[in-house]
Amino acid sequence: MSSVEEFRAEIRGWLRANLTGAFAGLRGRGGPGREHEAFAERLAWERHMAAAGWTCVGWPTEYGGRGATLEQQVAFHEEYALADAPARVGHIGEQLLGPTLIAFGTPEQRARFLPRIVTVDELWCQGYSEPDAGSDLANIRTRAEWDGGPVPGSGEPGSGGGEWVVTGQKIWTSLAHESHWCFVLARTEPGSARHRGLSYLLVPLDQQGVEIRPITQLTGTSEFNEVFFDGARTDSGHLVGAPGDGWKVAMATLGFERGVSTLGQQVGFRRELEALIALARRNKAADDPLIRDRIAQAWIGLETIRFNALRMLDAVAAGAPGPEASIGKIFWATWHRQLGELAMDVLGAGGMLADEPYDLDDWQRLFLFSRADTLYAGSNEIQRNIIAERVLGLPRETRRPAARD
């Protein structure tokens with residue numbers, strides 16, 4: 001066998017042997033719209049994975065990973081999804097922050113934070129979106145003021161020993177209520193606008209000056225949160241990159257977000273489509289030629305998503321993701337939202353009824369939660385702007401003036 005096939009067989013065998021006993025009931029638990037499910041048990045499962053060396057498999061070995069190749073990482077995510085293993089609880093630290101610190105962090109930051117991500121002892125959330133700066137991320141107003149000597153990174157003597165004081169609000173912060181830390185994009189240069197004057201800070205959440213308020217969603221669950229910073233503090237050593245370089249670091253994080261794990265996501269999408277086809281056959285919805293045509297279009301769309309993802313991985317192997325990342329986000333988000341709409345039509349009139357108390361089945365939850373797919377992680381409109389302006393070279397869209405405090 002090739003090294004990729006051996007790696008695939010190894011993870012498949014480990015999952016088969018370990019998703020048993022106390023962990024057997026976790027199959028299929030968690031994920032978008034269902035992050036509340038068995039969270040403590042899923043955390044225990046992920047720490048069990050860590051003890052066996054199955055977290056952060058794509059990280060270099062010197063940082064606690066396995067140094068897996070790109071092809072091996074794809075195999076890992078696909079096999080994990082095929083095993084119907086539970087949704088990961090530490091994915092924001094592993095897939096987003098960890099690679100960012102490896103690329104931009106100081107040796108001290110890597111030594112402090114990376115081991116605790118590998119062992120799943122510290123959970124992370126992402127402090128980007130704000131009420132006035134969702135997909136228009138450069139319009140953020142959360143500010144961080146330096147309290148100490150010269151600003152870190154200024155090159156002036158005695159620049160250590162102070163703190164950053166963070167004030168502002170973040171919103172749609174996934175799993176903030178379960179997290180220990182948040183990486184926050186904040187404005188550190190007064191009077192700056194758009195992407196200039198931003199910095200990337202690591203902020204502890206268990207402190208005075210941080211308030212987390214869960215947001216109740218259409219599904220009745222609350223995996224998203226509002227996070228309020230009112231004089232929250234973080235150490236001088238928790239600035240990633242130089243002051244004012246936050247936009248560059250934040251964009252790199254977004255690039256890591258659309259990496260190899262998307263191949264595992266598509267395995268989940270395929271499982272949903274196959275289950276929907278089976279439902280359509282059982283309740284005779286498949287006898288409707290319009291439903292059959294939409295199912296066929298869904299299958300074609302899923303194949304398109306996969307081929308574009310493979311093209312994106314070729315670009316990653318060659319250096320960095322290109323426009324394929326934005327194209328892929330539009331494709332999968334729109335496809336998944338349409339699958340939710342198709343599911344409701346396959347269900348028929350009964351799909352409009354929920355049990356009391358408010359209790360949704362899997363198809364209703366898919367329909368309601370997938371409405372957000374085309375909004376979070378960069379809305380479809382923003383992704384189209386990126387493709388139009390940065391790839392096709394079309395004239396830039398007229399933007400409103402930046403908000404001022």
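Here are a few friendly notes on the model above.

1. A word on the basis: this is a predicted model, in which local features need pLDDT of at least 70 and side-chain atom pairs count only at pLDDT 80 or more, while totals for chains, interfaces and linings use all residues. Residues are numbered from 1 along each chain as its sequence is written, and side-chain values use heavy atoms, leaving out hydrogens and water.

2. Overall, the protein has 11 helices and 8 strands (DSSP runs numbered from the N terminus: H or I of at least four residues for helices, E of at least two for strands). Of its 405 residues, 48% are buried (under 20% relative accessible area, 1.4 Å probe, protein chains only).

3. Have a look at helix α4 (residues 91-104) and helix α5 (residues 107-118): their axes, lines fitted to C-alpha atoms over the stretch in contact, lie 10 Å apart at an angle of about 160°. The two helices are therefore roughly antiparallel (over 145 degrees, on a scale from 0 to 180 between N-to-C directions).

4. On the α4 side, G93, E94, L97, G98, L101, I102 and A103 meet Q109, R110, F113, L114 and I117 of α5 (contact means heavy atoms within 4.5 Å). By class, this contact has 7 nonpolar, 3 polar and 2 charged residues (nonpolar: Ala, Val, Leu, Ile, Met, Phe, Trp, Tyr, Cys and Pro; charged: Asp, Glu, Lys and Arg; polar: the others, Gly among them).

5. V165 sits in strand β3 (residues 163-170) and is buried, at 15% relative accessible area. Leaving aside residues up to four places away in sequence, V165 touches R143, A144, E145, D147, G231, A232 and R233. The C-alpha atoms of V165 and R233 are 4.7 Å apart, although 68 residues separate them along the chain.

Key: Angles under 35 degrees count as roughly parallel, over 145 as roughly antiparallel, 65 to 115 as roughly perpendicular and the rest as oblique. Buried means under 20% relative accessible area, exposed over 50%, partly exposed in between (1.4 Å probe, protein chains only).
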